[in-house]
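Please examine the sequence and the model shown below. The paragraphs after it lead through selected parts of the structure in turn.

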Amino acid sequence: MNIRTILIEKAIAAMTAAGLPEDTNPAVTQSTRPQFGDYQINGAMGAAKKMKSNPRELAQKIIDNLDVSDIAEKTEIAGPGFINIHLKPAFLAKNVATANSDAKLAVNEHAKAQTVVVDYSSPNLAKEMHVGHLRSTIIGDAIVRALEFRGDKVIRQNHMGDWGTQFGMLIAHLEDQISQGVDLESVALADLETFYRDAKKRFDDEEGFADKARDYVVKLQGGDAHCEKLWKLFIATSVKHSEEVYKRLNVTLTQADIMAESAYNAELNDIISLLKDKNIAVESQGAQVVFLDELANKEGEPSAFIVQKSGGGFLYATTDLAACDYRSNKLGAERILIFVDARQSLHFNQVELTARKAGLLREETSYEFCPFGTMMGADGKPFKTRTGGTVKLADLLEESISRAATKLAERESELSEQERSEIARKVGIGAVKYADLSKHRTSDYIFNWDSMLSFEGATAPYLQYAYTRVRSIFRKSDLSAEALILLGVNVKIDEPQEKALALKLLQLEEVLDLMIAEATPHVLCSYLYELASLYMTFYEACPVLKDGVEPSVRDSRLVLCNVVSKTLETGLDLLGIEVMEQM
């Protein structure tokens with residue numbers, strides 16, 4: 001159910017009948033205040049400017065041809081030419097009842113399902129995941145869930161970093177430990193951060209070690225069996241760490257979704273040959289470089305995009321071009337979404353321009369770089385430990401669960417210790433995810449434990465608690481949510497609070513459309529908070545189970561309550577946040 005889409009279709013038909021050009025934008029928006037109706041058609045002003053006519057007169061012509069009698073009780077012209085649409089309560093009531101009986105809340109699947117490749121998380125497999133991987137992982141996963149909810153075919157791609165000099169460094173360090181008599185199977189790789197730090201220190205400070213590490217890279221790339229065995233040990237250990245974090249985060253990535261850098265090794269020589277054959281890449285100081293005039297600097301110098309090193313080695317650029325070919329030409333993707341730190345913007349602009357020139361991206365494939373901002377500490381700098389070190393993502397999640405448990409212990413509860421522990425897990429993980437997802441994707445934000453774990457304001461604990469409050473009504477009622485559907489309860493919208501709540505419930509599809517189009521989960525976060533707030537207003541103004549409430553009114557309001565709980569549960573699930581029946 002998408003009210004805005006319905007109104008857009010009706011507005012376009014009315015504008016065409018009124019003699020406006022067929023490409024006129026109806027500019028249908030949700031009204032910001034109830035006195036302006038529920039929706040507005042704002043296209044008359046823009047059209048009048050182009051046609052050099054009076055906008056109010058044009059708005060009247062549109063209204064004269066506007067057939068909304070089935071959904072609207074009143075239309076009116078306001079200001080310079082706004083058309084206010086007041087929806088019929090009966091129309092809202094009917095569609096709330098439909099949403100109540102539908103598993104997907106009457107949210108339609110896309111008329112034409114698309115194949116969408118989503119590249120997200122992508123940790124470096126030389127180390128454990130840290131807080132810098134949080135945003136890519138959970139933003140990407142929220143978009144993936146929403147796309148699948150709307151019926152698209154989604155192919156997850158975890159483009160893990162599992163190649164390059166760093167692995168030569170690690171293999172060299174591990175080889176030295178083995179040569180000192182340490183058994184390979186007992187080498188302590190549990191703490192990858194420590195192992196990596198020790199290897200990096202040797203790489204930077206120890207004479208001859210860096211050359212040794214580079215030799216191992218050459219051996220690895222050449223297919224040396226022993227190097228490959230040690231390399232696979234690092235990969236397996238890292239993937240195990242990542243899978244544990246994904247499970248903790250309630251993220252849908254699995255081992256089957258890994259399409260790491262090394263997966264493209266066999267194609268890289270062909271990519272370079274193609275670029276050279278098409279004169280897209282040229283030799284410069286021994287390297288193969290693509291010069292992009294489209295990204296020239298202020299002095300007119302083209303942007304240099306190195307696709308092969310002077311020594312013949314490949315780079316991220318090469319594997320990203322191979323990934324374009326695989327995703328667009330082999331998987332047939334209509335959209336490719338890549339969730340990476342904003343600092344990679346230039347790189348991905350270069351990748352797309354080069355891939356388009358080379359035919360590695362089809363015209364019909366949309367290549368969408370979705371940058372995100374940085375999680376900052378209270379000092380306004382990237383979030384670190386107190387000693388200035390990298391914060392492991394697993395440690396951050398454990399601390400959030402622990403803090404949630406402390407907060408919950410302050411609340412009176414008859415729940416068992418096991419139940420409280422499970423709730424603390426859901427609240428702690430949900431708090432971290434919502435605090436991040438509720439910010440605009442491109443914004444930096446300050447990490448703050450107190451605000452994210454608060455039971456007041458736009459937080460996961462507030463929304464999870466709102467859900468439990470709605471569910472508690474059904475524990476007190478004689479009617480279950482299932483019974484409401486079986487009885488075919490007639491929904492009635494009489495009070496303004498009922499209408500406001502019903503209207504918000506029916507806007508879920510619009511919100512998901514925007515979230516999917518712009519890859520911005522914060523719009524769903526805002527919607528759920530607004531819905532929970534409207535529910536609290538409705539509950540205070542419209543008694544549900546109090547003595548004296550007519551049975552038909554009670555049952556109608558119970559339907560509203562049930563659709564609210566289903567919408568909160570569905571919306572939070574799309575964000576990867578779990579709910580609970582009691583808190």
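Arg327 and Asp119 are both buried, a term that stands for under 20% relative accessible area, while exposed stands for over 50% and partly exposed for values in between (1.4 Å probe, protein chains only). The two residues form a salt bridge in which the closest N and O atoms are 2.9 Å apart; a salt bridge here is a side-chain nitrogen of Lys or Arg within 4 Å of a carboxyl oxygen of Asp or Glu. This pair links distant parts of the chain, since Arg327 belongs to helix H11 and Asp119 to strand E5 (residues 115-119), 208 residues apart. Helices (H or I, at least four residues) and strands (E, at least two) are DSSP runs numbered from the N terminus.

This is a predicted model, in which local features need pLDDT of at least 70 and side-chain atom pairs count only at pLDDT 80 or more, whereas totals for chains, interfaces and linings use all residues. Residues are numbered from 1 along each chain as its sequence is written, and side-chain values use heavy atoms, with hydrogens and water left out.

The structure holds 34 salt bridges. In another of them, the side chains of Arg135 and Asp436 meet at 2.9 Å, N to O. Here too distant parts of the chain are linked, with Arg135 in helix H5 and Asp436 in helix H14 (residues 417-437), 301 residues apart. Arg135 counts as buried because its relative accessibility is 2%, and Asp436 is buried because its relative accessible area is 0%.

What is the accessibility of Glu398? Glu398 counts as partly exposed because its relative accessibility is 39%. Its salt-bridge partner is Arg248, and the closest N and O atoms are 2.6 Å apart. Glu398 lies in helix H13 (residues 393-409) and Arg248 in helix H9 (residues 225-249), so that the pair links parts of the chain 150 residues apart. Arg248 is likewise partly exposed, as its relative accessible area is 30%. Elsewhere, salt bridges that share partners join Asp176, Arg202, Glu206 and Lys212 into one network.

On a 1 Å grid over the protein atoms alone, a cavity is a set of points where a 1.4 Å probe fits but cannot get out, and a pocket is an open set with protein on both sides within 12 Å along at least five of seven lines; lining residues have an atom within 4 Å of a point. Grid points are joined across faces, edges and corners, and a volume is the space filled by probe spheres set on the points.

The largest pocket has a volume of about 1,200 Å³. It is lined by 35 residues, of which Ser122, His130, Gly132, His133 and Asp341 are the closest to its centre. Two or more lining residues come from each of helix H5 (134-149), helix H11 (316-330), strand E10 (335-341) and helix H12 (345-358). Among the elements, E10 gives the most, with three residues. By class, the lining has ten nonpolar, 15 polar and ten charged residues; Ala, Val, Leu, Ile, Met, Phe, Trp, Tyr, Cys and Pro count as nonpolar, Asp, Glu, Lys and Arg as charged, and the others, Gly among them, as polar.

How many cavities of 30 Å³ or more does a search of the whole structure find? The search finds two. The largest cavity holds about 60 Å³ of space, and its lining consists of Leu408, Arg411, Ser413, Leu415, Arg420, Ile423 and Met583. The second largest cavity has a volume of about 30 Å³ and is lined by Met1, Leu105, Ala106, Val107, Leu505, Leu506, Leu508 and Glu509. Seven of these lining residues are nonpolar, none is polar and one is charged.

Thr567, in helix H21 (residues 551-574), touches Leu105, Leu505 and Leu508, as well as Tyr527, Leu528 and Leu531, not counting residues up to four places away in sequence; contact means heavy atoms within 4.5 Å. Thr567 is buried because its relative accessible area is 0%.

For the protein as a whole, there are 21 helices and 13 strands. Buried residues make up 52% of its 583 residues. The C-alpha trace spans about 85 × 70 × 45 Å along its principal axes.
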